[in-house]
Amino acid sequence: MTLIANSLIFLMIGLEIKNIDFTDKWILILAAIATVLVARTVALYASVFWIKDFPGSWKAILNWGGLKGSLSIALALSLPSGFEGREDVLVLTFSVVLFSLLVQGLSIKRLVVKLGLGGEGRGRTQPEST
């Protein structure tokens, strides 16, 4: 069911995105991506601040792995056609989701390996003391 719902949402994206003008919005798009990354980092680190011995590598993975997707696009697409700023909301939502899928999604494995969490059984419990 989830696969069908996601497929329908991305089909709707394809139908809607062809009508949207991305020109002259690149600075706004970059600002939206930066804002989402900073806000997620602040929210995550504030949330786990009180947890003692929470490994920094796990925080990094949680932060970078916070992929955005079909729900935010579905909400943006549900805005009425007459809504002022609907096109801007769609451009920004689509851009952040695309960044999340392409950049974050394709680089998360490298981050896991770089942080030493990719081995079997590693990263599931507290790091072993050597």
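User: Hi! Which side chains meet in a salt bridge at 3.0 Å, N to O?
Analyst: Those of Asp 88 and Lys 25. A salt bridge here is a side-chain nitrogen of Lys or Arg within 4 Å of a carboxyl oxygen of Asp or Glu. This is a predicted model, where local features need pLDDT of at least 70, side-chain atom pairs count only at pLDDT 80 or more, and totals for chains, interfaces and linings use all residues. Residues are numbered from 1 along each chain as its sequence is written, and side-chain values use heavy atoms, leaving out hydrogens and water.
User: Where do Asp 88 and Lys 25 sit in the chain?
Analyst: Asp 88 is in helix α5, while Lys 25 is in the loop between α1 and α2, 63 residues apart. Helices are DSSP runs (H or I, at least four residues), numbered from the N terminus.
User: Thanks! How many salt bridges does a search of the whole structure find?
Analyst: Two. Glu 87 also forms one with Lys 25, with the closest N and O atoms 3.1 Å apart. Glu 87 lies in α5 (residues 86-114), 62 residues from Lys 25.
User: Switching topic: is Lys 25 buried or exposed?
Analyst: Buried, at 14% relative accessibility. The cut-offs are under 20% relative accessible area for buried, over 50% for exposed, and partly exposed in between (1.4 Å probe, protein chains only).
User: And what about Asp 88?
Analyst: Asp 88 is partly exposed at 33%. Glu 87 is partly exposed too, with a relative accessible area of 33%.
User: Which residues do the shared partners join into one network?
Analyst: Lys 25, Glu 87 and Asp 88.

Methods. Helix = DSSP H or I, 4+ residues; strand = E, 2+ residues; numbered from the N terminus.
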